[in-house]
Amino acid sequence: MKDNINPQRENQRQKQKNATRRLIVETALKLFALKGFTTTTTASISKEAGVSHGTIFAHFKTQEELLVAVIDEFGNRINLRLHELAGGKNGMKEVLEAHIQGLEEYENFYTRLVTEYRLLPPGARNTFVLIQSAISFHISQALERDISEGRVKNLPVHLVFNGWIGLLHHYLTNNDLFSPGGSVLQRCGQELVQYYMDLITRTSG
């Protein structure tokens, strides 16, 4: 004999489950940005989200699984913003500007990722690497177009990408020097883009 299942009730239950999961991820993202990955506990996340501690582990088997989910959500948002901001704009400058703009909303979270990367568990580090790979793809596409049209120097993609990321990360991890108490990306972002473009732009003659 089959159990009588109310489809509407099951659908409502699934919606509630999804909403709770989103709440946990959003809360964790906020707390990781404020306090860091190594000091934020699942207990503090559950308290801030207004759910029981057990609810965290009903959705995520381990703290690492939650961490991976949060970083993955961040990566999805950044990739979406890059598509939105750089869509139809093919040049390196536009892609770099889109990268800066996309990161601005999550600057504190991204800075935590960069500074605490080596302290993260393997699964979280792998997810971060995938995010950087997606950024690298956008840069490589723009670079190839600019090289083919003679706008920038014929440089290896990995050097251009690593140079840009290295410059960006240097400013973010030293934000107390470059923008004490404020946003590095808002204060220095456009200057960084212009400086980097000057480095890779092909000079005439």
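Over residues 18-78 the chain is 80% helix and 0% strand, with the end C-alpha atoms 21 Å apart; helices (H or I, at least four residues) and strands (E, at least two) are DSSP runs, numbered from the N terminus. The UniProt annotation "domain: HTH tetR-type", from an unreviewed entry, covers this stretch. UniProt positions are given in the numbering used here, feature names are shortened, and annotations may be inferred rather than shown by experiment.

This is a predicted model, in which local features need pLDDT of at least 70 and side-chain atom pairs count only at pLDDT 80 or more, while totals for chains, interfaces and linings use all residues. Residues are numbered from 1 along each chain as its sequence is written, and side-chain values use heavy atoms, leaving out hydrogens and water.

**Overall layout**
- The chain has 10 helices and 0 strands.
- Its C-alpha atoms fill a box of roughly 80 × 45 × 25 Å, taken along the principal axes.
- UniProt (unreviewed entry) also places a "DNA-binding region" at residues 41-60; that span is 75% helix and 0% strand, and its end C-alpha atoms lie 14 Å apart.

**Helices α7 and α8**
- Helix α7 (residues 122-148) packs on helix α8 (residues 157-173) at an angle of about 125°, with the axes 10 Å apart; axes are lines fitted to C-alpha atoms, for helices over the stretch in contact, and angles run from 0 to 180 degrees between N-to-C directions.
- That angle makes α7 oblique to α8 (under 35 degrees is roughly parallel, over 145 roughly antiparallel, 65 to 115 roughly perpendicular, and the rest oblique).
- From α7, Q132, I135, S136, I139, S140 and L143 meet V157, V160, F161, W164, I165 and H169 of α8, where contact means heavy atoms within 4.5 Å.
- By class, this contact of α7 with α8 has 8 nonpolar, 4 polar and no charged residues (Ala, Val, Leu, Ile, Met, Phe, Trp, Tyr, Cys and Pro count as nonpolar, Asp, Glu, Lys and Arg as charged, and the others, Gly among them, as polar).

**Helices α1 and α6**
- α1 and helix α6 (residues 107-116) pack at an angle of about 65°, their axes being 8 Å apart.
- L29, F32, A33, L34 and K35 in α1 meet N108, F109 and R112 in α6.
- The contact of α1 with α6 has 5 nonpolar, 1 polar and 2 charged residues.

**Salt bridges**
- The structure holds 7 salt bridges, each a side-chain nitrogen of Lys or Arg within 4 Å of a carboxyl oxygen of Asp or Glu.
- R77 forms a salt bridge with E26, with the closest N and O atoms 2.1 Å apart.
- This pair links distant parts of the chain, as R77 sits in helix α4 (residues 63-86) and E26 in helix α1 (residues 7-35), 51 residues apart.
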